[in-house]
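Here is a brisk tour of one structure. Keep the 3D view open while reading.

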Amino acid sequence: MKTKKRTLSKRIKHPVREMLLDRSGRNDLARLEKVIPRLKDSEASMEVCAALLRPAYRHYIDNVSNNFMAASLESSAFLYSMARTMQPKNIVDLGSGFSSLVLRKYAAEASNNPLVWSVDDHGGWLEKTAEFLQHMDSPSDNLLEWPDTTLIDDMKFDLIFHDMGNMNTRADALPWVTDHLSENGYVILDDMHKSDYRKKAMRHMQQEGIECYSLRALTHDYLGRFAVMAGPPKR
Ligand SMILES: C[S@@+](CC[C@H](N)C(=O)[O-])C[C@H]1O[C@@H](n2cnc3c(N)ncnc32)[C@H](O)[C@@H]1O
């Protein structure tokens with residue numbers, strides 16, 4: 001993967017922080033693979049998933065959104081690969097867009113008839129998501145505008161992809177996220193390169209007794225972004 005300007009300048013400005021994040025990323029991946037041995041093949045599986053997603057991703061960032069706002073291809077490939085491995089049944093992405101397609105693509109291929117919902121705090125982006133999903137011949141129902149989640153408030157989710165709105169909205173939505181994880185549910189928190197948000201999210205998970213695993217070793221992209229996986233909720 002190419003190292004581009006932004007990541008390079010961060011590495012020069014904050015070499016120790018970047019080194020520590022890299023190290024915890026490697027340690028956390030080893031920890032995650034111990035807890036969920038099925039994820040051991042993630043790197044190879046993500047290559048396959050990235051190749052399958054690439055044409056739609058290209059279309060999405062060129063015609064619908066852009067590469068700063070869309071989830072990275074790395075996070076998208078992990079999301080797709082992890083879903084194929086863990087076979088979640090009830091799924092929601094908070095922050096609609098390319099991730100909404102990834103999850104519907106998984107659902108269309110899965111044998112356990114998964115149900116996918118997508119939520120966004122911006123009605124205009126929900127409309128763009130609906131148009132994109134239709135363009136990709138994917139179902140465009142089950143789209144909700146945050147904070148009106150009445151239709152899914154009684155549900156618990158096996159997989160939540162949390163990538164919604166600005167970083168304040170995202171932090172404010174964390175209690176909803178952890179309240180809606182199923183017994184064996186996991187959340188993927190995207191954009192955890194943002195240190196203020198990362199601190200708030202990690203503190204929230206710690207207060208809830210939920211284990212966090214940095215996915216930096218798998219999802220670090222050329223903009224310096226990376227995701228963290230957290231779950232399952234404390235019984
Ligand atoms: C990081 S984006 C969500 C990306 C989405 N999960 C995806 O995979 O494409 C966070 C929020 O930005 C908004 N958004 C998405 N694309 C945008 C764009 N190109 N310009 C402005 N806002 C955008 C949406 O309201 C979304 O909740």
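Predicted model: local features only at pLDDT ≥ 70, side-chain atom pairs only at ≥ 80, totals over all residues.

Start with D28, which is buried at a relative accessible area of 13%. The cut-off for that label is under 20%. D28 forms a salt bridge with R31, and the closest N and O atoms are 3.4 Å apart. Both residues sit in helix α2, three residues apart, about one turn of the helix. R31 counts as partly exposed, at 31% relative accessibility.

## Salt bridges

In total, the structure holds eleven salt bridges. One of them joins the side chains of R216 and D22, at 2.8 Å from N to O. R216 lies in helix α10 (residues 216-219) and D22 in helix α2, so this pair ties together parts that are 194 residues apart in sequence. R216 is buried, with a relative accessible area of 3%. D22 is partly exposed, at 22%.

Another salt bridge brings together the side chains of D221 and R225, at 2.9 Å from N to O. Both D221 and R225 are buried.

## Surface patches

Which residues form the nonpolar patch on the surface? They are V16, M19 and L20, with about 290 Å² of accessible area together. L20 lies in helix α2, which covers residues 15-35. At 42% relative accessibility, L20 counts as partly exposed.

Helix α9 (residues 195-207) supplies its largest share, three residues. R203 has its place in α9 and is partly exposed, with a relative accessible area of 47%.

M202 is found in helix α9 too. Its relative accessibility is 33%, so M202 counts as partly exposed. The C-alpha atoms of M202 and F157 are separated by 20 Å, and the two residues are 45 apart along the chain.

## Helix α5

Is helix α5 largely enclosed or largely open? Nine of its twelve residues are buried, so the rest of the structure largely encloses α5. The buried residues include F98, L101, V102, L103 and Y106. R104 is buried in α5 as well.

The length of α5 (residues 98-109) can be checked. At 1.5 Å a residue, its twelve residues should span 16 Å. Its end C-alpha atoms are 17 Å apart, which agrees.

Notes: Residues numbered from 1 in each chain as written. Heavy atoms only, no water. Helix = DSSP H or I, 4+ residues; strand = E, 2+ residues; numbered from the N terminus. Buried < 20%, exposed > 50% of the residue type's maximum accessible area, 1.4 Å probe, protein only. Expected span 1.5 Å × (residues − 1). Patch = residues over 30% accessible without salt bridge, like charges linked within 9 Å, V, L, I, M, F, W, Y side chains within 5 Å. Areas by Shrake-Rupley, 256 points an atom, 1.4 Å probe, with all protein chains shown as cover. Salt bridge = Lys/Arg side-chain N within 4 Å of Asp/Glu carboxyl O.
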